[in-house]
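Here's a quick tour of a protein model, written for someone who is just getting used to reading structures. Keep the picture open while you go through the points.

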Amino acid sequence: MIELRDIGKVYHASDGSHRALNGVNLSINDGDIFGIIGESGAGKSTLVRLLNLLERPTEGRIVIDGDDITDYSGRQLRELRANIGMIFQNFSLFQQRTVLQNVMFPLEVRHEPKARSIERAHELLSVVSLDDKASRYPSELSGGQQQRVAIARALANQPRYMLCDEATSALDSRTTVQVLDLLAQINADLGVTMVVITHSLAVARRICNRLAVIDEGHIVEEGSTADVFANPQSKVARELLEWGFEGIDDAAARSSAEPSAREAQPQSDFPSEKQSAASQKSQHAEEGEVAHG
Ligand SMILES: Nc1ncnc2c1ncn2[C@@H]1O[C@H](COP(=O)(O)OP(=O)(O)OP(=O)(O)O)[C@@H](O)[C@H]1O
Ligand SMILES: [Mg+2]
């Protein structure tokens with residue numbers, strides 16, 4: 001479980017200081033697909049970047065399974081980041097590397113034997129249904145395919161958590177549905193807890209079981225997705241609801257006569273082996289930074 005306790009974040013920018021988060025308390029349970037929604041500038045990316053310490057809080061503590069991680073550095077920080085995959089709106093793939101080499105990167109960083117890395121990268125590409133594109137370069141893929149490569153790379157260290165910051169915002173509706181359903185499948189089959197940052201209620205409704213609504217650095221509402229939709233308490237949530245669903249539901253309806261991702265019971269074709277967090281080898285801290293652009 002991830003707990004944020006009385007988190008505040010102040011940025012010091014060229015034009016003065018700016019408070020991006022204030023008094024944030026949040027618990028994300030294992031197995032959740034936890035949505036954080038809010039308008040542009042609300043503090044969503046700041047919040048999610050605290051979870052792997054790409055940003056440090058100005059106030060408050062971050063606690064994972066009872067361990068206070070707020071001041072982690074060195075080896076502890078590398079192990080933390082290896083345990084938390086992250087994907088972004090702009091995919092952040094290495095353009096000079098093939099698809100296979102992109103997915104191999106985290107394995108190279110932790111000095112896996114090359115043959116094992118290649119084998120594992122192919123397995124991961126199968127998980128995202130892209131093994132046939134292994135030798136292509138990112139520029140030779142569609143946006144949805146690039147995001148699936150990024151997902152495969154994020155899974156390479158068998159993380160417990162995956163942070164998705166507007167991961168589908170650059171994709172069309174149909175592709176968004178495919179990527180969301182893939183994330184939900186990974187959650188169901190591998191037990192990866194997801195934190196999904198989005199400004200889209202349609203995205204939140206499709207895969208999240210819980211939601212927090214953030215406005216100007218404050219959590220203004222939190223609850224099960226069903227409750228937030230049925231009975232929005234905050235002005236922001238009501239406004240987002242009024243804005244509608246940007247066509248994603250239409251795409252979902254067309255792409256599948258099936259139930260939504262959370263209701264479906266996907267067939268598992270994932271590699272079965274799982275590593276405990278403790279046994280995971282550490283990963284080069286730069287990976288997170290590099291992938292982060
Ligand atoms: N490095 C920084 N230095 C100064 N201010 C920052 C920095 N990063 C973010 N901010 C400010 O903090 C606030 C929250 O930014 P954040 O990126 O978390 O918003 P967001 O909810 O992710 O928005 P968007 O939906 O547009 O991505 C904004 O007002 C932003 O200008
Ligand atoms: Mg953002």
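How many helices and strands make up the secondary structure of the chain? There are 11 helices and 10 strands. Keep in mind that this is a predicted model. Of the 293 residues in the chain, 44% are buried. Take the contacts with a separation of 6 or more: residues 24 or more positions apart account for 71% of them.

**The four-stranded sheet**

- One open sheet has four strands in the order β2-β1-β4-β5, and the pairing is antiparallel.
- Strand β4 covers residues 59-64 and pairs with β1 in the antiparallel sense, over five bridges.
- You can trace that pairing residue by residue: I2 has I64 in β4 as its bridge partner, and L4 stands opposite I62 in β4.
- As a general rule, strands of a sheet pair through backbone hydrogen bonds, either parallel or antiparallel.
- On to the next pair: β4 and β5 are joined in the antiparallel sense over two bridges, and I64 stands opposite D67 in β5.
- The hairpin of β4 and β5 has two residues between the strands, and D65 takes a positive phi near 50 degrees there.

**A look at V24**

- V24 sits in strand β2.
- Is V24 buried or exposed? It takes 20 or more other C-beta atoms within 10 Å to count as buried, and V24 is buried because it has 23 of them.
- In sequence, V24 and I7 are 17 residues apart, yet their C-alpha atoms are 4.8 Å apart in space.
- Which residues does V24 contact once you leave aside its neighbours within four places in sequence? They are L4, I7, L47 and I219.

**The six-stranded sheet**

- Another open sheet has six strands, ordered β6-β7-β8-β3-β9-β10, with mixed pairing.
- At its edges are β6 (84-88) and β10, and each of these pairs on one side only.
- From one strand to the next, the twist averages 15 degrees.
- Helix α1 turns up here too: it packs on this sheet, touching β3, β6, β7, β8 and β9. The direction of α1 makes about 155 degrees with that of β8.
- For a parallel pair, look at β7 (residues 161-165) and β8 (residues 193-198), which are linked over five bridges.
- Within that pair, L163 has V195 in β8 as its bridge partner.

**Helix α1**

- Why can you call α1 largely enclosed by the rest of the structure? Six of its eight residues are buried, so the rest of the structure largely encloses it.
- The buried ones are K44, T46, L47, V48, L50 and L51.
- Just after α1 comes L53, which takes a positive phi of about 60 degrees.

**Around ligand 1**

- Which of the 13 residues around ligand 1 come nearest? They are Y11, A20, S40, S45 and T46.
- The elements that give two or more residues to this shell are β1 (2-13), β2 (16-28) and α1 (44-51).
- Helix α1 provides the largest share of the shell, with three residues.
- Sorted by class, the shell has four nonpolar, eight polar and one charged residues.

- Helix α9 covers residues 235-243, and its buried residues are V236, A237 and L240.
- What do the buried residues of α9 pack against? Their partners are β3 (33-37), α7 (201-207), β9 (210-215), β10 (218-224) and α8 (225-230).

Note on methods
Residues are numbered from 1 along each chain as its sequence is written. Chains are lettered from A and ligands numbered from 1 in the order in which they are written. This is a predicted model: local features need pLDDT of at least 70, side-chain atom pairs count only at pLDDT 80 or more; totals for chains, interfaces and linings use all residues. A residue is near a molecule or strand if its C-beta atom, placed from the backbone, lies within 6 Å of it. Ala, Val, Leu, Ile, Met, Phe, Trp, Tyr, Cys and Pro count as nonpolar, Asp, Glu, Lys and Arg as charged, and the others, Gly among them, as polar. Two strands pair if DSSP finds at least two bridges between them. A residue is buried if 20 or more other C-beta atoms lie within 10 Å of its own, exposed if 12 or fewer, and partly exposed in between; C-beta atoms are placed from the backbone. Two residues are in contact if their C-beta atoms, placed from the backbone, lie within 7 Å. Axes are lines fitted to C-alpha atoms, for helices over the stretch in contact, and angles run from 0 to 180 degrees between N-to-C directions.
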